Amino acid sequence: MASQALTDYERKRLDNIRRNDEMMAALKLQSKASELSAASKRPRVETKSEKVYPKSKPKNEAPVVLRRSLRARGIPPDAKNVEHDLTEPATKIRKSVTRSRPSPRDVGPREMVEACSERESHRSLIELILSISSKSQLRRSKKEELVEVDQGYVDSSNAIKTEGKEDGNYLKMEAIDNSPSLVKTEIDELTSGIKGHVMGSIKMENKNDVSRLESMSLNSKNIARVVPGRITAVWFFPCPQSRMIVVGNKFGEVGFWNAGHEKEEGNGIYLYHPHSGPISGISIQRHALSKVYTSCYDGFIRLMDAEREMFDILYRSEYTVYSLSQQSNDVNCLYFAEGRGGLNIWDKRTGNCPMQWLLHEDRINSIDFNAENCNIMATSSSDGTACIWDLRSINAEKPKTLTMVRHKRAIHSAYFSPSGRFLATTSFDDNVGISGGVNFEDTIMMPHDNQTGRWLSSFRAIWGWDDSHIFIGNMKRAVDVFAPAQRRRIFALQSPLMSAIPCRFDAHPYYVGMLAGATSGGQIMNFVEGIAHCWHKKPIPDIIG
(Lines give C-alpha, C1' and ligand atoms only; values in the text may rest on other atoms or scores of the structure.)
Protein backbone atom coordinates (compact mmCIF):
# COMPACT_ATOMS: atom_id res chain seq x y z
CA MET A 1 0.00 0.00 0.00
CA ALA A 2 1.46 3.30 -1.06
CA SER A 3 2.26 5.67 1.80
CA GLN A 4 0.14 8.75 2.05
CA ALA A 5 1.73 12.11 1.31
CA LEU A 6 3.04 14.00 4.39
CA THR A 7 1.71 17.37 5.30
CA ASP A 8 3.90 20.43 5.60
CA TYR A 9 3.70 20.32 9.40
CA GLU A 10 4.86 16.67 9.60
CA ARG A 11 7.75 17.25 7.21
CA LYS A 12 8.90 20.24 9.29
CA ARG A 13 8.67 18.16 12.46
CA LEU A 14 10.86 15.39 11.00
CA ASP A 15 13.43 17.93 9.91
CA ASN A 16 13.63 19.31 13.47
CA ILE A 17 14.10 15.82 14.95
CA ARG A 18 16.88 15.00 12.52
CA ARG A 19 18.64 18.28 13.21
CA ASN A 20 18.49 17.72 17.00
CA ASP A 21 19.95 14.19 16.65
CA GLU A 22 22.85 15.51 14.63
CA MET A 23 23.54 18.18 17.26
CA MET A 24 23.50 15.68 20.15
CA ALA A 25 25.82 13.34 18.23
CA ALA A 26 28.26 16.19 17.66
CA LEU A 27 28.29 16.97 21.40
CA LYS A 28 28.56 13.28 22.37
CA LEU A 29 25.69 13.59 24.85
CA GLN A 30 24.48 10.05 24.37
CA SER A 31 27.81 8.54 25.50
CA LYS A 32 27.96 10.80 28.57
CA ALA A 33 24.46 9.77 29.59
CA SER A 34 25.38 6.08 29.33
CA GLU A 35 28.46 6.55 31.56
CA LEU A 36 26.45 8.33 34.26
CA SER A 37 23.78 5.65 34.23
CA ALA A 38 26.36 2.90 34.67
CA ALA A 39 28.09 4.74 37.54
CA SER A 40 24.85 5.11 39.45
CA LYS A 41 24.29 1.35 39.43
CA ARG A 42 27.63 0.51 41.14
CA PRO A 43 27.45 -1.05 44.63
CA ARG A 44 27.97 1.51 47.46
CA VAL A 45 31.04 0.94 49.68
CA GLU A 46 30.49 1.94 53.37
CA THR A 47 33.17 4.24 54.76
CA LYS A 48 34.34 4.69 58.34
CA SER A 49 33.26 8.31 58.42
CA GLU A 50 29.59 7.43 58.13
CA LYS A 51 27.58 7.28 61.35
CA VAL A 52 26.47 3.81 62.40
CA TYR A 53 23.23 3.81 64.40
CA PRO A 54 22.81 1.20 67.12
CA LYS A 55 20.15 -1.39 66.79
CA SER A 56 16.86 -0.59 68.48
CA LYS A 57 15.93 -2.54 71.58
CA PRO A 58 13.19 -5.10 71.28
CA LYS A 59 9.74 -3.84 72.19
CA ASN A 60 9.05 -6.67 74.59
CA GLU A 61 11.87 -5.62 76.94
CA ALA A 62 10.67 -4.83 80.49
CA PRO A 63 10.60 -1.04 81.24
CA VAL A 64 12.85 0.49 83.87
CA VAL A 65 10.88 0.97 87.08
CA LEU A 66 11.64 3.81 89.49
CA ARG A 67 10.38 4.12 93.03
CA ARG A 68 8.53 7.36 93.84
CA SER A 69 7.50 8.64 97.26
CA LEU A 70 4.11 10.07 98.11
CA ARG A 71 5.57 13.57 98.26
CA ALA A 72 7.01 13.27 94.73
CA ARG A 73 3.66 12.00 93.48
CA GLY A 74 1.78 14.96 95.03
CA ILE A 75 -0.12 12.80 97.56
CA PRO A 76 -0.44 13.77 101.24
CA PRO A 77 1.56 11.47 103.56
CA ASP A 78 -1.56 10.43 105.47
CA ALA A 79 -3.67 9.75 102.37
CA LYS A 80 -5.90 6.71 102.50
CA ASN A 81 -6.66 4.16 99.82
CA VAL A 82 -3.22 4.55 98.30
CA GLU A 83 -1.92 1.69 96.24
CA HIS A 84 0.84 -0.30 97.90
CA ASP A 85 2.82 -0.26 94.68
CA LEU A 86 4.74 3.01 94.85
CA THR A 87 6.63 2.27 91.69
CA GLU A 88 6.04 3.88 88.33
CA PRO A 89 7.61 3.40 84.91
CA ALA A 90 10.24 6.00 84.08
CA THR A 91 8.45 6.85 80.85
CA LYS A 92 5.50 8.26 82.81
CA ILE A 93 7.58 10.71 84.84
CA ARG A 94 7.28 14.19 83.37
CA LYS A 95 10.25 16.47 83.08
CA SER A 96 8.44 19.19 85.03
CA VAL A 97 8.80 17.11 88.21
CA THR A 98 12.52 17.84 88.38
CA ARG A 99 12.76 21.60 87.90
CA SER A 100 16.19 23.11 88.30
CA ARG A 101 14.97 26.49 89.57
CA PRO A 102 11.44 27.03 90.90
CA SER A 103 9.56 30.04 89.63
CA PRO A 104 8.18 32.64 92.08
CA ARG A 105 4.68 31.22 91.54
CA ASP A 106 5.67 27.81 92.89
CA VAL A 107 6.90 29.12 96.22
CA GLY A 108 5.11 30.80 99.08
CA PRO A 109 6.46 33.70 101.13
CA ARG A 110 10.03 34.49 100.17
CA GLU A 111 12.82 36.19 102.00
CA MET A 112 13.87 39.38 100.30
CA VAL A 113 17.52 38.40 100.27
CA GLU A 114 16.65 35.27 98.27
CA ALA A 115 14.72 37.28 95.68
CA CYS A 116 17.47 39.90 95.38
CA SER A 117 19.66 39.74 92.26
CA GLU A 118 22.67 41.14 94.16
CA ARG A 119 22.46 39.95 97.74
CA GLU A 120 25.26 42.19 98.94
CA SER A 121 23.13 45.25 98.14
CA HIS A 122 20.04 43.98 99.96
CA ARG A 123 21.07 45.28 103.37
CA SER A 124 21.62 48.79 101.99
CA LEU A 125 18.04 48.97 100.68
CA ILE A 126 16.55 47.74 103.94
CA GLU A 127 18.45 50.33 105.94
CA LEU A 128 17.45 53.04 103.47
CA ILE A 129 13.73 52.22 103.55
CA LEU A 130 13.65 51.92 107.34
CA SER A 131 15.47 55.23 107.64
CA ILE A 132 12.95 56.94 105.36
CA SER A 133 10.06 55.40 107.28
CA SER A 134 11.40 56.42 110.69
CA LYS A 135 12.03 60.01 109.56
CA SER A 136 8.53 60.23 108.17
CA GLN A 137 7.01 58.98 111.42
CA LEU A 138 9.09 61.45 113.42
CA ARG A 139 7.93 64.32 111.23
CA ARG A 140 4.30 63.32 111.63
CA SER A 141 4.66 63.07 115.39
CA LYS A 142 6.08 66.60 115.52
CA LYS A 143 3.21 67.95 113.45
CA GLU A 144 0.64 66.30 115.71
CA GLU A 145 1.99 68.36 118.62
CA LEU A 146 1.10 71.61 116.79
CA VAL A 147 -2.63 71.71 117.53
CA GLU A 148 -5.12 74.46 118.18
CA VAL A 149 -2.69 77.38 118.05
CA ASP A 150 -4.38 80.68 117.17
CA GLN A 151 -7.26 78.94 115.31
CA GLY A 152 -4.82 77.20 112.98
CA TYR A 153 -3.25 73.80 113.40
CA VAL A 154 -1.65 70.98 111.46
CA ASP A 155 -3.26 67.57 111.96
CA SER A 156 -1.92 64.05 111.37
CA SER A 157 -2.98 64.17 107.71
CA ASN A 158 -0.49 67.04 107.08
CA ALA A 159 -3.29 69.40 105.97
CA ILE A 160 -3.43 73.03 107.11
CA LYS A 161 -6.65 74.02 108.89
CA THR A 162 -7.54 77.66 109.38
CA GLU A 163 -10.64 78.89 111.22
CA GLY A 164 -11.88 75.33 111.50
CA LYS A 165 -11.98 74.83 107.71
CA GLU A 166 -9.68 72.55 105.79
CA ASP A 167 -7.61 74.70 103.50
CA GLY A 168 -4.69 72.39 102.88
CA ASN A 169 -2.92 72.05 99.58
CA TYR A 170 0.71 72.11 98.56
CA LEU A 171 1.84 72.02 102.16
CA LYS A 172 5.40 73.33 102.19
CA MET A 173 7.50 70.73 103.99
CA GLU A 174 9.93 72.69 106.15
CA ALA A 175 11.75 71.68 109.32
CA ILE A 176 9.33 72.50 112.15
CA ASP A 177 10.68 73.74 115.44
CA ASN A 178 9.02 72.64 118.65
CA SER A 179 8.94 76.21 119.94
CA PRO A 180 5.27 77.37 120.24
CA SER A 181 6.26 80.96 119.47
CA LEU A 182 7.18 80.00 115.93
CA VAL A 183 3.99 78.08 115.17
CA LYS A 184 1.81 81.01 114.03
CA THR A 185 4.60 82.51 111.92
CA GLU A 186 5.28 79.20 110.23
CA ILE A 187 1.61 78.57 109.48
CA ASP A 188 1.19 82.08 108.04
CA GLU A 189 4.20 81.53 105.79
CA LEU A 190 2.89 78.16 104.66
CA THR A 191 -0.55 79.62 103.89
CA SER A 192 0.89 82.51 101.89
CA GLY A 193 3.15 80.10 100.03
CA ILE A 194 0.19 77.93 99.17
CA LYS A 195 -1.87 80.81 97.77
CA GLY A 196 1.04 82.26 95.82
CA HIS A 197 1.91 78.96 94.19
CA VAL A 198 -1.64 78.06 93.20
CA MET A 199 -2.44 81.53 91.88
CA GLY A 200 0.82 81.42 89.95
CA SER A 201 -0.28 78.16 88.35
CA ILE A 202 -3.59 79.68 87.30
CA LYS A 203 -1.85 82.74 85.91
CA MET A 204 0.47 80.53 83.89
CA GLU A 205 -2.50 78.64 82.51
CA ASN A 206 -4.42 81.74 81.47
CA LYS A 207 -1.50 83.47 79.78
CA ASN A 208 0.01 80.34 78.29
CA ASP A 209 3.23 80.95 80.20
CA VAL A 210 5.29 77.77 79.87
CA SER A 211 8.40 79.08 81.58
CA ARG A 212 8.09 76.60 84.45
CA LEU A 213 7.60 73.73 82.05
CA GLU A 214 10.66 74.82 80.12
CA SER A 215 12.70 74.71 83.33
CA MET A 216 11.96 70.98 83.74
CA SER A 217 15.22 69.51 82.51
CA LEU A 218 16.80 66.08 82.13
CA ASN A 219 20.46 65.30 82.74
CA SER A 220 22.50 62.11 82.71
CA LYS A 221 22.43 61.80 86.51
CA ASN A 222 18.64 61.54 86.40
CA ILE A 223 18.55 58.63 83.94
CA ALA A 224 19.06 55.03 85.02
CA ARG A 225 18.25 51.56 83.75
CA VAL A 226 16.52 50.13 86.80
CA VAL A 227 15.15 46.82 85.47
CA PRO A 228 15.61 44.71 82.34
CA GLY A 229 12.77 44.73 79.87
CA ARG A 230 9.56 46.75 79.65
CA ILE A 231 8.38 48.73 82.67
CA THR A 232 4.67 48.31 83.38
CA ALA A 233 4.31 50.27 86.65
CA VAL A 234 6.17 53.19 88.26
CA TRP A 235 5.63 54.78 91.68
CA PHE A 236 7.35 57.46 93.76
CA PHE A 237 7.82 56.88 97.47
CA PRO A 238 5.22 59.29 98.99
CA CYS A 239 7.72 60.99 101.27
CA PRO A 240 9.26 64.50 101.12
CA GLN A 241 12.62 63.24 102.36
CA SER A 242 13.06 60.73 99.55
CA ARG A 243 13.44 60.55 95.79
CA MET A 244 13.04 56.77 95.76
CA ILE A 245 11.27 55.29 92.71
CA VAL A 246 9.77 51.79 92.55
CA VAL A 247 9.11 50.10 89.20
CA GLY A 248 7.85 46.73 88.00
CA ASN A 249 8.54 45.07 84.66
CA LYS A 250 7.00 42.39 82.47
CA PHE A 251 9.24 39.64 83.92
CA GLY A 252 7.87 39.99 87.45
CA GLU A 253 10.85 41.96 88.76
CA VAL A 254 10.59 44.92 91.13
CA GLY A 255 13.32 47.53 91.01
CA PHE A 256 14.17 50.34 93.42
CA TRP A 257 16.12 53.41 92.40
CA ASN A 258 17.23 56.03 94.87
CA ALA A 259 17.53 59.03 92.56
CA GLY A 260 19.36 60.96 95.28
CA HIS A 261 22.09 58.34 95.79
CA GLU A 262 25.07 60.68 95.57
CA LYS A 263 26.01 59.91 99.17
CA GLU A 264 25.58 56.14 98.76
CA GLU A 265 27.92 53.51 97.45
CA GLY A 266 27.00 52.10 94.04
CA ASN A 267 24.35 53.37 91.69
CA GLY A 268 21.39 53.27 94.08
CA ILE A 269 19.61 50.49 92.15
CA TYR A 270 18.21 47.36 93.83
CA LEU A 271 16.51 44.55 91.89
CA TYR A 272 14.21 41.79 93.21
CA HIS A 273 12.24 39.01 91.53
CA PRO A 274 9.13 38.19 93.60
CA HIS A 275 6.69 37.44 90.75
CA SER A 276 6.58 35.30 87.61
CA GLY A 277 4.65 37.58 85.26
CA PRO A 278 4.13 41.24 84.36
CA ILE A 279 3.67 43.56 87.32
CA SER A 280 0.21 45.14 87.05
CA GLY A 281 0.20 47.47 90.05
CA ILE A 282 2.26 49.03 92.85
CA SER A 283 0.88 50.73 95.97
CA ILE A 284 2.65 52.44 98.86
CA GLN A 285 0.87 54.25 101.69
CA ARG A 286 2.52 57.37 103.06
CA HIS A 287 1.66 56.19 106.57
CA ALA A 288 3.47 52.85 106.05
CA LEU A 289 6.50 53.45 103.84
CA SER A 290 8.12 50.16 104.82
CA LYS A 291 5.36 48.16 103.08
CA VAL A 292 5.15 47.89 99.28
CA TYR A 293 2.17 46.10 97.69
CA THR A 294 2.55 44.58 94.22
CA SER A 295 0.09 42.75 91.98
CA CYS A 296 0.93 40.57 89.00
CA TYR A 297 -0.61 38.89 86.00
CA ASP A 298 0.28 35.57 87.64
CA GLY A 299 -2.67 36.11 90.00
CA PHE A 300 -0.56 36.90 93.06
CA ILE A 301 -0.66 39.95 95.33
CA ARG A 302 2.45 40.26 97.48
CA LEU A 303 3.50 42.51 100.32
CA MET A 304 7.13 43.52 100.59
CA ASP A 305 7.67 44.14 104.30
CA ALA A 306 11.03 45.83 104.84
CA GLU A 307 10.82 45.38 108.61
CA ARG A 308 10.43 41.62 108.32
CA GLU A 309 12.49 41.44 105.09
CA MET A 310 9.89 39.22 103.45
CA PHE A 311 7.76 39.02 100.33
CA ASP A 312 4.49 37.73 101.80
CA ILE A 313 1.59 36.39 99.75
CA LEU A 314 -1.61 38.24 100.57
CA TYR A 315 -3.83 36.81 97.85
CA ARG A 316 -3.60 34.26 95.06
CA SER A 317 -6.10 33.91 92.26
CA GLU A 318 -6.75 31.54 89.40
CA TYR A 319 -7.32 34.59 87.21
CA THR A 320 -5.17 37.49 86.13
CA VAL A 321 -4.89 40.52 88.41
CA TYR A 322 -4.85 43.57 86.13
CA SER A 323 -4.65 46.54 88.51
CA LEU A 324 -4.23 47.49 92.17
CA SER A 325 -5.09 50.54 94.28
CA GLN A 326 -5.73 51.76 97.84
CA GLN A 327 -7.71 54.51 99.47
CA SER A 328 -5.50 57.21 100.94
CA ASN A 329 -7.22 56.99 104.33
CA ASP A 330 -7.41 53.20 104.60
CA VAL A 331 -4.31 51.05 105.08
CA ASN A 332 -6.25 47.84 105.68
CA CYS A 333 -7.99 47.30 102.34
CA LEU A 334 -6.66 46.60 98.86
CA TYR A 335 -8.79 47.09 95.75
CA PHE A 336 -7.76 44.97 92.77
CA ALA A 337 -9.18 43.98 89.39
CA GLU A 338 -9.45 40.25 88.75
CA GLY A 339 -10.45 38.45 85.56
CA ARG A 340 -12.92 39.95 83.09
CA GLY A 341 -14.47 42.99 84.77
CA GLY A 342 -14.30 41.83 88.37
CA LEU A 343 -13.22 44.03 91.29
CA ASN A 344 -12.36 42.61 94.71
CA ILE A 345 -11.59 44.10 98.11
CA TRP A 346 -9.02 42.34 100.26
CA ASP A 347 -9.18 43.15 103.98
CA LYS A 348 -5.97 42.89 105.99
CA ARG A 349 -7.87 42.39 109.26
CA THR A 350 -9.72 39.27 108.10
CA GLY A 351 -7.25 38.03 105.47
CA ASN A 352 -9.95 37.46 102.83
CA CYS A 353 -12.15 39.29 100.32
CA PRO A 354 -15.47 40.37 101.90
CA MET A 355 -16.69 42.17 98.77
CA GLN A 356 -16.62 41.19 95.10
CA TRP A 357 -18.27 43.07 92.24
CA LEU A 358 -18.63 42.57 88.50
CA LEU A 359 -18.31 46.13 87.23
CA HIS A 360 -17.31 45.81 83.55
CA GLU A 361 -17.70 43.45 80.64
CA ASP A 362 -13.94 43.29 80.11
CA ARG A 363 -10.76 43.67 82.15
CA ILE A 364 -10.31 46.68 84.45
CA ASN A 365 -7.07 48.47 83.59
CA SER A 366 -6.95 51.10 86.34
CA ILE A 367 -8.52 51.92 89.71
CA ASP A 368 -8.37 55.38 91.26
CA PHE A 369 -9.96 57.18 94.22
CA ASN A 370 -11.04 60.79 94.52
CA ALA A 371 -8.73 62.85 96.75
CA GLU A 372 -11.63 64.87 98.21
CA ASN A 373 -13.94 61.90 98.77
CA CYS A 374 -12.31 58.47 98.98
CA ASN A 375 -15.71 56.80 98.62
CA ILE A 376 -15.79 57.91 94.97
CA MET A 377 -13.89 55.46 92.76
CA ALA A 378 -13.09 55.48 89.04
CA THR A 379 -12.38 52.40 86.92
CA SER A 380 -11.28 52.12 83.30
CA SER A 381 -11.86 49.04 81.18
CA SER A 382 -11.04 47.49 77.85
CA ASP A 383 -14.77 47.44 77.11
CA GLY A 384 -14.45 51.14 76.15
CA THR A 385 -15.98 52.63 79.29
CA ALA A 386 -14.69 54.47 82.35
CA CYS A 387 -17.10 54.45 85.28
CA ILE A 388 -17.38 56.46 88.48
CA TRP A 389 -18.80 54.60 91.49
CA ASP A 390 -19.92 55.48 95.00
CA LEU A 391 -18.72 52.72 97.32
CA ARG A 392 -21.37 53.60 99.90
CA SER A 393 -24.28 52.79 97.60
CA ILE A 394 -22.88 50.23 95.19
CA ASN A 395 -25.00 47.10 94.81
CA ALA A 396 -23.30 43.73 94.63
CA GLU A 397 -25.90 42.20 92.30
CA LYS A 398 -26.52 45.14 89.95
CA PRO A 399 -23.82 47.81 90.41
CA LYS A 400 -25.04 51.23 89.28
CA THR A 401 -22.60 53.87 88.11
CA LEU A 402 -22.72 57.55 89.00
CA THR A 403 -21.29 58.51 85.60
CA MET A 404 -20.00 56.60 82.58
CA VAL A 405 -17.49 57.96 80.07
CA ARG A 406 -17.45 56.19 76.72
CA HIS A 407 -14.67 55.84 74.16
CA LYS A 408 -14.69 54.02 70.86
CA ARG A 409 -11.94 51.61 71.92
CA ALA A 410 -10.28 50.27 75.08
CA ILE A 411 -9.59 52.74 77.90
CA HIS A 412 -6.22 52.22 79.55
CA SER A 413 -6.55 54.64 82.47
CA ALA A 414 -8.94 56.95 84.33
CA TYR A 415 -7.41 59.21 86.99
CA PHE A 416 -8.93 61.95 89.14
CA SER A 417 -7.28 65.35 89.21
CA PRO A 418 -5.58 66.45 92.48
CA SER A 419 -8.64 68.55 93.37
CA GLY A 420 -10.97 65.66 92.59
CA ARG A 421 -13.02 67.83 90.21
CA PHE A 422 -11.92 66.29 86.92
CA LEU A 423 -11.29 62.85 85.47
CA ALA A 424 -8.73 62.18 82.73
CA THR A 425 -9.17 59.09 80.52
CA THR A 426 -6.72 57.66 77.99
CA SER A 427 -8.08 55.46 75.22
CA PHE A 428 -6.74 53.50 72.29
CA ASP A 429 -9.08 55.52 70.06
CA ASP A 430 -6.39 58.27 70.02
CA ASN A 431 -8.13 60.57 72.47
CA VAL A 432 -7.52 61.92 75.96
CA GLY A 433 -10.83 62.68 77.63
CA ILE A 434 -11.45 65.25 80.38
CA SER A 435 -14.69 64.90 82.34
CA GLY A 436 -15.90 67.55 84.77
CA GLY A 437 -18.99 69.30 86.03
CA VAL A 438 -21.25 68.51 88.95
CA ASN A 439 -21.46 64.77 88.21
CA PHE A 440 -18.58 64.52 85.71
CA GLU A 441 -21.14 64.64 82.92
CA ASP A 442 -19.30 67.22 80.79
CA THR A 443 -16.62 65.55 78.67
CA ILE A 444 -14.21 66.95 76.12
CA MET A 445 -11.89 64.95 73.87
CA MET A 446 -8.34 66.02 73.02
CA PRO A 447 -6.74 64.14 70.09
CA HIS A 448 -3.47 62.32 70.81
CA ASP A 449 -1.62 59.45 69.14
CA ASN A 450 -1.97 56.51 71.54
CA GLN A 451 -0.99 53.73 69.12
CA THR A 452 1.98 52.31 71.04
CA GLY A 453 1.93 48.85 69.43
CA ARG A 454 2.75 45.56 71.09
CA TRP A 455 6.30 46.37 72.20
CA LEU A 456 5.51 49.47 74.27
CA SER A 457 3.41 49.86 77.37
CA SER A 458 0.17 51.69 76.67
CA PHE A 459 0.10 55.44 77.28
CA ARG A 460 -1.62 56.63 80.45
CA ALA A 461 -2.19 60.35 80.94
CA ILE A 462 -1.51 61.50 84.52
CA TRP A 463 -2.16 64.78 86.29
CA GLY A 464 0.63 66.98 87.51
CA TRP A 465 0.64 68.79 90.85
CA ASP A 466 -2.62 70.68 90.28
CA ASP A 467 -5.46 70.69 87.78
CA SER A 468 -3.53 72.76 85.23
CA HIS A 469 -1.56 70.13 83.32
CA ILE A 470 -1.67 66.54 82.13
CA PHE A 471 1.41 64.57 81.10
CA ILE A 472 1.42 61.76 78.55
CA GLY A 473 4.02 60.03 76.39
CA ASN A 474 4.76 60.91 72.78
CA MET A 475 5.78 58.43 70.08
CA LYS A 476 8.51 60.88 69.01
CA ARG A 477 10.49 60.45 72.25
CA ALA A 478 8.93 63.31 74.13
CA VAL A 479 6.41 64.05 76.87
CA ASP A 480 3.30 65.96 75.80
CA VAL A 481 1.80 68.45 78.24
CA PHE A 482 -1.91 69.22 77.85
CA ALA A 483 -3.80 72.12 79.42
CA PRO A 484 -7.43 71.05 80.01
CA ALA A 485 -8.51 74.70 80.26
CA GLN A 486 -7.22 75.33 76.73
CA ARG A 487 -8.24 71.87 75.44
CA ARG A 488 -4.97 71.34 73.62
CA ARG A 489 -1.31 70.47 73.95
CA ILE A 490 0.71 73.48 75.08
CA PHE A 491 4.21 72.06 75.49
CA ALA A 492 6.44 69.02 74.90
CA LEU A 493 9.27 67.97 77.20
CA GLN A 494 12.19 66.95 74.98
CA SER A 495 15.86 66.21 75.48
CA PRO A 496 18.72 64.76 73.39
CA LEU A 497 19.25 62.30 76.25
CA MET A 498 15.86 60.66 75.66
CA SER A 499 16.87 57.52 73.78
CA ALA A 500 13.50 55.78 74.18
CA ILE A 501 9.80 56.57 74.38
CA PRO A 502 8.52 57.23 77.92
CA CYS A 503 5.25 55.32 78.38
CA ARG A 504 4.29 55.31 82.06
CA PHE A 505 4.65 58.28 84.44
CA ASP A 506 4.37 59.32 88.05
CA ALA A 507 4.62 62.81 89.53
CA HIS A 508 6.34 63.15 92.89
CA PRO A 509 3.57 63.84 95.43
CA TYR A 510 5.69 66.39 97.33
CA TYR A 511 8.10 67.96 94.80
CA VAL A 512 6.53 70.20 92.17
CA GLY A 513 8.40 69.76 88.91
CA MET A 514 9.72 66.23 89.53
CA LEU A 515 8.32 63.77 86.99
CA ALA A 516 9.45 60.16 86.44
CA GLY A 517 8.96 58.59 83.01
CA ALA A 518 9.44 54.85 82.40
CA THR A 519 10.39 53.26 79.09
CA SER A 520 10.05 49.81 77.55
CA GLY A 521 13.80 49.33 77.88
CA GLY A 522 13.76 49.46 81.68
CA GLN A 523 14.92 53.08 81.94
CA ILE A 524 13.67 55.78 84.28
CA MET A 525 13.94 59.41 83.16
CA ASN A 526 13.51 61.75 86.08
CA PHE A 527 12.61 65.27 84.94
CA VAL A 528 13.43 67.89 87.55
CA GLU A 529 12.43 71.53 87.58
CA GLY A 530 15.23 74.07 87.83
CA ILE A 531 14.19 75.05 91.37
CA ALA A 532 12.40 72.10 92.93
CA HIS A 533 9.71 73.16 95.39
CA CYS A 534 8.57 70.84 98.16
CA TRP A 535 4.82 70.96 98.55
CA HIS A 536 1.99 68.70 99.56
CA LYS A 537 0.02 67.39 96.60
CA LYS A 538 -3.53 67.88 97.80
CA PRO A 539 -5.20 70.90 96.08
CA ILE A 540 -7.06 73.81 97.64
CA PRO A 541 -10.69 73.81 96.45
CA ASP A 542 -11.46 77.32 97.78
CA ILE A 543 -8.58 78.98 95.94
CA ILE A 544 -8.91 77.08 92.68
CA GLY A 545 -12.62 77.80 92.49
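I began with residues 360-393, where the chain is 0% helix and 53% strand, and the end C-alpha atoms lie 17 Å apart. Helices here are DSSP runs of H or I with at least four residues and strands are runs of E with at least two, numbered from the N terminus.

Ground rules, for my own record. This is a predicted model, with local features needing pLDDT of at least 70 and side-chain atom pairs counting only at pLDDT 80 or more, while totals for chains, interfaces and linings use all residues. Residues are numbered from 1 along each chain as its sequence is written, and side-chain values use heavy atoms, leaving out hydrogens and water.

Next I looked up the sheet. I found 4 strands in an open, antiparallel sheet, ordered E16-E17-E18-E19 (two strands pair if DSSP finds at least two bridges between them). Strand E16 (321-325) and strand E19 (352-358) are the edges, each pairing on one side only. On average, neighbouring strands in this sheet are turned by 25° against each other, direction ignored (axes are lines fitted to C-alpha atoms). I then checked E17 (333-338) and E18 (342-347): 6 bridges join these antiparallel strands, and glutamate 338 stands opposite glycine 342 in E18.

Last stop: is serine 458 buried or exposed? Serine 458 sits in the loop between strand E27 (442-447) and strand E28 (462-463). I noted it as buried because its relative accessible area is 13%, under the 20% cut-off (1.4 Å probe, protein chains only). Beyond neighbours within four places in sequence, serine 458 contacts His412, Thr452, Cys503 and Arg504 (heavy atoms within 4.5 Å).

Key. Axes are lines fitted to C-alpha atoms, for helices over the stretch in contact, and angles run from 0 to 180 degrees between N-to-C directions. Buried means under 20% relative accessible area, exposed over 50%, partly exposed in between (1.4 Å probe, protein chains only).
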